[in-house]
Every structure is written in structure tokens, then in C-alpha cells.
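The sequence and the structure come first.

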Amino acid sequence: MMGRIACANVLSDLYAMGVTECDNMLMLLSVSQRMSHEERDKVMPLIIQGFRDAAEDGGTSVTGGHTVLNPWLIVGGVATAVCQSNEFIMPDSAVPGDVLVLTKPLGTHMAVTAHQWLDMPERWNKIKLVVTREEVELAYQEAVASMATLNRTGGLLVVLPRAQAARFCAELKAPGRGPGLQAWIVGVVEKGPRGARVIDKPRLIEVPPRGAPESPGEPPPEPPRGPC
């Protein structure tokens, strides 16, 4: 799974600019010196296979890379695509009136951290009154699945004209587009100093676990009023 997550992260840089086809991928792998030979022989092939599987899901393949020994285990890569200037979108074209559409739920880092705290009593005691172990385990599994899912359908955060945003959300969740695809309108672009902030009373959107049925016919939420 670690290899899949690393590959999905690399490909996301292309997807974030509207480029959905990757022409070439390289894998960068740092093998930890602290691992025994037996651990390397078992763990590293699984990481490499996960990276390759995710690349294949993205319609590309790993053609090379670089491997080194290092005190830390590091997995990364390079994704490249050859395209015309009108075939990608620079992330600076938002205009007032556009809305922000999120295609993955936030909170993966928090879920992973809480899962690590399960084995750290002094830290688990700080949050055990507001969350159960079962909830942390479920959140962790959801976070891992989210990070391992390719953002090929549009990226983590996209900006669309208001008239197109609702249609985009509906199309993303339509049958045949793949399991677990979701989208929410979470903000609006307003004229200002190109900053970002959370409004005073934000609406919290509870995301159901993967596979859980959503409320039928529920429209995407309206964007919050005020700058985001």
C-alpha cells in the first residue's frame, strides 16, 4: 500500500493541472540501512509492486528510476507528460464567482496520527474521551484508501464556474466512474488579496465510509458565503 500511495501522490501533480495521461514514470527508492536483509527482501518488492500497480491503473508504466541506501525509507518518483500549452491548466486562472470543489475528504493526516497514538498511552489519553479506538481504526482505513486512490478524475481541489460545479459533482459520482468517487462544493472565489480563510461558521460535511449508502437525491452543498 505504501507504494500505491507514493505513486498516487506523484501522479497527482499532473492531474492537478488537468493532465490525465502520463507518458513516463520513474521510481525513486531509498532503502533503509536499519532494515535487515530479510526485511528488505520481503518489504521492498511489495512497495515496488504497489507503485507499479498504481502506475498501471493510471494508464502508464514505470520505465526506470534510482535506488540508494539511506538511514530512512523513502519512496517517490517522477511523472512526465508531453502536451501542448492548451492541454494543461495553470493553477492561477480562478476568477471571482468560481467555486471550489473538493474531490477527496480532508483529514487523512489527522487520521494517521491518531492511529499512531493508539500505541502511545500518554498521547492517546489526550483524545480518548472524544473518539473510540474503533472510530480511529475505521478513520485510518478510510485515510489509507483515500491516499491510495488516484486523483485522475480532477485532483484534490479544483476550481470551476458555478454553473458547471453541480454537474461536475453529479458526473463524478455517476455509475461507471469508479467506486468511492465523491465531490463537494466547499468554497467560493472572491475578489481580494489572493488569500484564504475559513468563514466564521463553516458547515461541517460528514463523509460516510466507503461503501455506505448516501442519502438519495441529496444535492451538493451550497458554497459558503464570504471569502474562503
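In this predicted model, the count of salt bridges comes to 1. It is formed by Arg4 and Asp57, whose closest N and O atoms are 2.8 Å apart. Arg4 belongs to helix H1 and Asp57 to helix H2 (residues 37–57), so the pair ties together parts that are 53 residues apart in sequence. Arg4 is partly exposed, with a relative accessible area of 22%. Asp57 is also partly exposed, at 45%.

Helix H1 spans residues 2–15 and includes Ser12.

| Residue | Relative accessible area | Class |
|---|---|---|
| Arg4 | 22% | partly exposed |
| Asp57 | 45% | partly exposed |
| Ser12 | 16% | buried |

Ser12 counts as buried because its 16% relative accessibility is under the 20% cut-off. The C-alpha atom of Ser12 lies 7.4 Å from that of Arg152, although the two residues are 140 apart along the chain.

**Nonpolar cores**

The largest nonpolar core has 22 residues, and the members touching the most others are Cys7, Leu11, Met25, Leu29, Phe51, Val75 and Ala79. At least two residues of this core come from each of H1, strand S1 (24–32), H2 and strand S3 (74–80). H1 supplies the largest share, 7 residues. Apart from this core lies another one of 10 residues, including Val99, Val158, Cys169 and Ile185.

Which residues does Leu11 contact, leaving aside its neighbours within four places in sequence? They are Cys22, Met25, Ala54, Ala79 and Leu150.

**Helix H5**

Helix H5 (residues 133–147) has 15 residues. From its first C-alpha to its last it reaches 21 Å, close to the 21 Å expected at 1.5 Å a residue. Val136, Ala143, Val144 and Ser146 are buried in H5. Viewed down the helix axis, the buried residues of H5 fall within an arc of 160 degrees, so they line one face of the helix. An α-helix has 3.6 residues a turn, so residues three or four places apart point the same way. The cover over the buried residues of H5 includes H1, helix H3 (108–117) and helix H4 (121–127).

Notes. Residues are numbered from 1 along each chain as its sequence is written. This is a predicted model: local features need pLDDT of at least 70, side-chain atom pairs count only at pLDDT 80 or more; totals for chains, interfaces and linings use all residues. Side-chain values use heavy atoms; hydrogens and water are left out. Helices (H or I, at least four residues) and strands (E, at least two) are DSSP runs, numbered from the N terminus. Buried means under 20% relative accessible area, exposed over 50%, partly exposed in between (1.4 Å probe, protein chains only). A salt bridge is a side-chain nitrogen of Lys or Arg within 4 Å of a carboxyl oxygen of Asp or Glu. The expected span of a helix is 1.5 Å times one less than its number of residues. The arc is that of the directions from the helix axis to the C-beta atoms. Contact means heavy atoms within 4.5 Å. A nonpolar core is a set of buried Ala, Val, Leu, Ile, Met, Phe, Trp, Tyr and Cys residues joined through side-chain atoms within 4.5 Å.
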